[in-house]
Amino acid sequence: MFAPCVLKSLPLSSFAWLAVAACGSCWNNTLDPSHPRCIPSLIDLLPKIVSEGRREATRILEGLSERTRISLQTNELVIPSKESNYLDLLSSFERDVAYGSDLASGVWRNRLIYGDNLLAMQALLAGDPETGLTGLRGAVDLIYIDPPFDSKADYRTKVTLPSGDIEQRPATLEQFAYADTWARDFGGDIGLVKGTAAYLAYLYPRLALMRELLSERGALYVHLGAQVSPYVRVILDDIFGRERYINTITWQRMYAHNDPARFGAISDYILYYSKSEARVWHPQYTPYSDKYLKMYGHVDEGSSRQYKTENTLGPGNRGVLYEWNGHTRYWRYTRENMQALHDAGLLYYTKSGFPKKKVFLDEMPGRPLQDIWTDINVVAGQAGELTGYATQKPSALIERIIRASTDEDHLVMDLFSGSGTSAAVAEKLGRRWIAVDLGKPACMVTRKRLVDQSAAPFLYQSIGDYQKEQLAATLGARYRIGDLAQVVLGLFGAIPFPPEENPNRNLGYVLESGTLVLVDSPTKLCGKATLERAQRERGTFRGGWKRVVVLAWNFVPNIGEIINAMDDSALEVLVIPPDLLDKLASKVSYKNLVQSGTVRFSSLQYLTIADPTTRPLSDDELEIGITLTNYVLLSPEALPLDEPNKERLRSTIASDPLSLVEYWSIDPDFDGRVFRSIWQDYRGNTENDDDALRVVRTAKIRVPTKAGARTVCVKAVDVFGFESEVRTVLH
C-alpha cells in the first residue's frame, strides 16, 4: 500500500481526482498540494482557464457602455523636436496642435499608453471623448505582441551613469524591467496555481479582447518561446477558431551555441492568426542565393540587364502547334503572343534559331519567404538600434510582419510594447500605431526612441484612476478602500488602529519610533490638504506623535514644492509602489510580500529650475530660457538595487544629481490640463551637445508672444522611469 501524504490534506475536487490518479503517494481521498504531482495538471486546468477567461472578457465587453467605463488620461502631447536650441521648433501645423486648446479635433494621433493592457484595451474599445477617439472595436489592422515567455526570470535593463569616482569612469546599474513569473488563485479546492496555468489565465481575456479590436482584414501575431507556444495555440484556436490559424513562424534568433544538456535552443515561435478570410496579405521575399543567381548568366545587349531563359514549349506535347523560325512545335504561347514577345525583344534565339523567353533578374522579387526565418539576427551590442531594454526585438523582424499584413495608414497595435520597436517601425512605414506597456522604463525608452526618429506628434497617456481600476480587479466589485489601506499599513510595518478609533481604516502606528502612519486613498491626488490633515492628526490623535508618515498613490504635480514650503522635518511623504496591486493580483500572496520585504516605499523625487529668462525676438516671437538647477531622487535604499549598485548611485547623486535625468521636456504655455511638449532633450541625444550621458541643463526656445501671464511647465523623467514636474508663471 502506498504511504499517505503526511502534510496538509484537502478534500478532493473533480480536478484533484485527476491529479491523484497520477500520484502514487496520495490515497484515502486526500490531496497534498506540496507534492508537485498532486497539483492539477495543465490539461486538467484548461477548462477552468477557458471558462474564466471567457467570463472575464464577456463582463468587460458588456460593461463598455456603462457610465463608469475606464477612461484614458492624456499626460502629454509629445511634439518631437531634437534640433539645436535656437532653431524654430514648430512647423505651422505643429503650432496649431501645440497651442490649440482642443485635443478632440478629429485628427488621428498615435498613442503611447502606460498601464495594464487589459485596462487599456477596455478604454480603447469604449473610446476616448477627450481626444475625439471613437471606440476601436473592429478598427485595428494588425496586433503584434511579444508577451513574457513564462521563463521564471526577472528581466533587467542596464543604466549607464557618469561615475562619481576619481577616475570618472561611467558606472553601470541594472534596474528591474519586469518579472516573468506567474501565480493565479483559482479558489475552491484548487487554490493558488503557479507557472504556465497562471500565465494562460492571464493571457486568455487579453487575447479575447484583441480579437474584438481587430478589423475583418486584421491579423494577430503572438511572439512566444518554446515553453508556452503549444498551449497558447490551443487557447487561440478556442478564441479565433482553428480555421483562422495561418502559420507558426520559427525565428532563429541566434546562431548555434553550445548547450551540453540538450539540442541548442536558438528559436522563438510566432503564431499567426487572422480575424477572417478577408485578411491583408503581401507576400514577402528573401534575396536569391549565389547559386541561383548564376542562372542569370546572360546580359541583354540593349539594356545590360541580367537574365535567364525559360522554355517556350508547351508541357508534354500540349499547346499550340505552328511553325516559328524554322521550328514546328507545340508552343506554350499563341502565334500572336509569340510575335509580341519577339517584338518586345523578350526572345533569345539559340544557334539553331530555337526561341527561349528572357526572364530578367531585376523583375524577380526574390525567393518567397517560408515559415522558417534564419536571416534576421537578434539585436546585438553593436547594433545601431540597441536601446538597452531587456528582450528587445530587431526592427527587421517587426518590419517584415507589418509589411506582410498591413497597407499604408493601417492601424498597428503592440500591447507589450517593451522598447517600442513596433511603434518605431510603424511610424517609419507610414502606419498609424498604438503602443501599450505596464513598465515605466519601457515607456521612457519608447518615448525617447520616437523623439529621436522625429516622429509625428503623439499622445502619451495612462489609465484614468489606474489604482482604483486595479483595486476593483484585485479585490472584486465590492471592494472597500479601507481593505487596501490595511494591506498597505501591514506592508509598511505599521499596526492599524481599531475600527472604533479609525473608521476609515487608514491610520496605523509604529510604536518603537513614535510614528503615526496615514494611508491616502487610491482614488484621489495627494496634495496640500492631505498633508495638513496629517500634521493635525500628528498633534492631536491619541495625544500626539513624534512624527507622521503619509503613504500615497498619486500626487498633485507640484507636490515637491508644497513639501518644501511646509518645511516640516517631522512630516515624511512616501510613494506606495505603483506595481503593488499587480503583485497582489497575480504574482505573490500578501504573506509572501511581507516576508520577502520586497515592497519598498520610496520618497518623492522632484526637480528644481531657475527663474526663466525671457528675450523678445520680434513683435510675434519670444525666447524663453529654462535652466535646471537640481534633481532630488528618492533614496537609493528604496530602490530594488543590490549594495554595489546602491553605492554607485549614491556617488552619482553626491557629485552630479542632474545626471540622473534621462529625459526632460518643456511646455511654455501650459493650460493646466494637457502638457504639450514642444522641446525635449534626453541622454544619448547629441544634437544639443556631445555628452551622451547627460542632458543639457539649459534650453532656449522660441514661442509666439501672448498677452497676459503664461505658465511654463517642465517635466523630467529619471533613469528609473520616475517622473517629476515643476511649474512657474511668467508675467
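**Entry 1: the whole chain**

I began with contacts (heavy atoms within 4.5 Å), and found that residues 24 or more positions apart account for 67% of the contacts in the protein with a separation of 6 or more. I noted that this is a predicted model, in which local features need pLDDT of at least 70 and side-chain atom pairs count only at pLDDT 80 or more, while totals for chains, interfaces and linings use all residues. Residues are numbered from 1 along each chain as its sequence is written, and side-chain values use heavy atoms, with hydrogens and water left out.

I then looked up the secondary structure, which comes to 18 helices and 39 strands; these are DSSP runs numbered from the N terminus, helices being H or I with at least four residues and strands E with at least two. Of the 731 residues in the protein, 51% are buried, where buried means under 20% relative accessible area, exposed over 50% and partly exposed in between, with a 1.4 Å probe and protein chains only.

**Entry 2: helices α2 and α5**

I looked at helix α2 (residues 42–62) and helix α5 (residues 196–213), which pack at an angle of about 35 degrees with their axes 8 Å apart. The axes are lines fitted to C-alpha atoms, for helices over the stretch in contact, and angles run from 0 to 180 degrees between N-to-C directions. Among the residues that meet are L45, I49 and A57 in α2 and L200, Y204 and A208 in α5. The residues of this contact divide into 15 nonpolar, 2 polar and 3 charged; Ala, Val, Leu, Ile, Met, Phe, Trp, Tyr, Cys and Pro count as nonpolar, Asp, Glu, Lys and Arg as charged, and the others, Gly among them, as polar.

I also saw that α5 lies across β5 (140–145), β10 (214–224) and β22 (411–414), running at about 155 degrees to β10.

**Entry 3: the open sheet and strand β4**

I traced an open sheet of 11 strands with mixed pairing, in the order β21-β11-β12-β10-β5-β22-β23-β4-β24-β3-β35. Its edge strands, β21 (372–373) and β35 (675–677), each pair on one side only; two strands pair if DSSP finds at least two bridges between them. Strands β11 (residues 245–252) and β12 (residues 267–274) run antiparallel and are joined by 7 bridges, and T248 has L271 in β12 as its bridge partner.

I asked myself why β4 is described as largely enclosed by the rest of the structure. 5 of the 5 residues of β4 are buried, so the strand is largely enclosed, with N110, L112 and Y114 on one side and R111 and I113 on the other. β4 pairs in the parallel sense with β24 over 5 bridges and with β23 over 4 bridges. Y114 has S462 as its bridge partner in β24, and stands opposite D437 in β23.

**Entry 4: residue L518**

I finished with L518, which is found in strand β27. Is this residue buried or exposed? L518 is buried, with a relative accessible area of 2%, and the residues L518 touches, not counting those up to four places away in sequence, include L507, T530, A534 and V549. Strand β27 (residues 515–519) pairs with β28 in the parallel sense over 5 bridges, and the bridge partner of L518 in β28 is V550. Strand β28 (residues 547–552) is mostly covered, with 5 of its 6 residues buried.
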